[in-house]
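Dear colleague,

I am handing over the structure below, and I would be grateful if you could look through it alongside the notes that follow.

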Amino acid sequence: MDHDHPTTLEFLGATGTVTGSRYLVEHAGRRVLVDCGLYQGERGWRRRNWEPFPVSPASIDDVVLTHCHLDHCGYLPALVRDGFTGPVWMTEGTAVLTEIVLRDSAHLNERDAELARAGGWSRHDPPLPLYTSADVERSITHFRQVAFGPPVDLGGGVQVALHRAAHVLGSASVLVDAGGERVLFSGDLGRATHPVLRPRSAPPAARTVVIESTYGDRRHPAPPGRPHAALADAVRRTIARGGSVLVPAFAVDRTELVLEALSRLIRDGEIPLVPVYVDSPMALAALAAYRRPSLREEIRPEVPPDLADIPTLRAARTPEESMALNRPRVPCIIISSAGMATGGRVVHHLRHLLPDRDSTVVLTGYQAVGTRGRALRDGATEVKIHGRYVPVRAEIVSDEEFSVHADADGLVAWLADMPEPPETVYVTHGEQDASLALATRIRRELDVTAVVPRLGERVRLG
Ligand SMILES: [Zn+2]
Ligand SMILES: [Zn+2]
């Protein structure tokens, strides 16, 4: 251990919330940022996206991304714009999907700023996007692809290795070895039962671990006898009464899983064959990534090459085609993003379908506090859309089987799978109660020191 140059770990985000993942490892003057996420959800958190980055972006040598979700990669364009010049390391799957996700993020930011300018409801004057499409294109030129498994030497005594996390295509846990001090970041961990991705790999040994706790205080219900019974029953009921089914789903990953489930339900005669619309050019691009031959080794061998094999599958590519779905001529299923209904095309579908008693909204997976998705899941009788309140008369259903996060048992099992127990586990990426509950379980069941760090807290490793 080099006492003149202690290795440190600093928590720059994802404390007390599931969003804004950013961790800084510092060793002998070298700075490596693991994840560069955006804050999402409640306004108090989102406001942090507008604050200057807590350390100078120019002083960071490398960024490593665990996966493509915005809460892990979405701040990167701002970091590059504000002076970061180094490489951004990630797997091929993450690179392909992060490009899609960041381009969409810039587009939504630019469009929301435009709408706010027109509507006069912005707090900024004039309304500005957080970053632009040009910032995104510049950040993409910094991407460097890494294979799962073997370590990559970043220089300055720091190596990183990426291990399969089975959360979304390309997702990884990241092992940072800084001068012999090893710290393992779980990234977001998937479930052993992910319907499309091969199971995660066993975590490597490390003295320090940073683990997510999205479901740190929850256990997923046992899978029902019939897979996706909640979705299947909702579709049958809704179509029978002449309504339409709206499925808010992240374009990347969740839409692919919903399509895979629908294609199985149709094949098994569980739901009638009605038009299924994918209302997102971004989801169609992500679907192509899941079909990429070079990424096939991440997919379960039993999944057919076309995981969205639905004869009535249609794409709504243009905004006009999307608008037309607000007055469907026949009952149909519409899959549209964003998954927590915070933005994107799903918002205008909600405005039209929520007041309709015959229609149904099926929520798929985690809904963060402060999002419209969470409000709907919690039984809101009206939600605010584009400055107006819209009554909720449609049926609201949650299909928890779409969760791509390990539950508390799965998180503890991942730690227990390490070749030897770590010395200290830092529990992040959860709402406070979930993080505290997981820390308590880790202490009790694994006899390991478990801490819920505070924002900005810096700890010495080794
Ligand atoms: Zn994620
Ligand atoms: Zn996450």
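Helices, which need at least four residues of H or I, and strands, which need at least two of E, are taken here as DSSP runs and numbered from the N terminus. Counted in this way, the secondary structure of the protein comes to 13 helices and 22 strands; please bear in mind throughout that this is a predicted model.

On overall shape, the C-alpha atoms fill a box of roughly 70 × 55 × 40 Å along the principal axes. A compact globule of 462 residues would have a radius of gyration near 23 Å, and the 22 Å found for the protein therefore agrees with that expectation. Buried residues account for 50% of the 462 residues, and of the contacts between residues at least 6 apart in sequence, 74% join residues at least 24 apart.

Ala-251 sits in the loop between strand 12 (245-248) and helix 7, and it counts as buried because 29 other C-beta atoms lie within 10 Å, where 20 or more are required. The C-alpha atoms of Ala-251 and Val-278 are 9.1 Å apart in space, although the two residues are separated by 27 residues in sequence.

The other point concerns a pair of helices towards the end of the numbering. The axes of helix 12 (residues 408-416) and helix 13 (residues 432-446) come within 11 Å and cross at roughly 45°, and the two helices are therefore oblique to each other. The contact is made by Ala-408, Leu-411, Val-412, Leu-415 and Ala-416 on the side of helix 12, and by Leu-438, Arg-441, Ile-442, Glu-445 and Leu-446 on that of helix 13. As for handedness, helix 12 passes helix 13 in a right-handed crossing.

Definitions and conventions
Residues numbered from 1 in each chain as written. Chains lettered and ligands numbered in written order. Predicted model: local features only at pLDDT ≥ 70, side-chain atom pairs only at ≥ 80, totals over all residues. Rg over C-alpha atoms; globule rule 2.2 N^0.38 Å. Buried ≥ 20, exposed ≤ 12 C-beta atoms within 10 Å, placed from the backbone. Contact = placed C-beta atoms within 7 Å. Axes fitted to C-alpha atoms, helices over the stretch in contact; angles between N-to-C directions. Parallel < 35°, antiparallel > 145°, perpendicular 65-115°, else oblique. Left-handed = near helix turned anticlockwise from the far one by under 90°.
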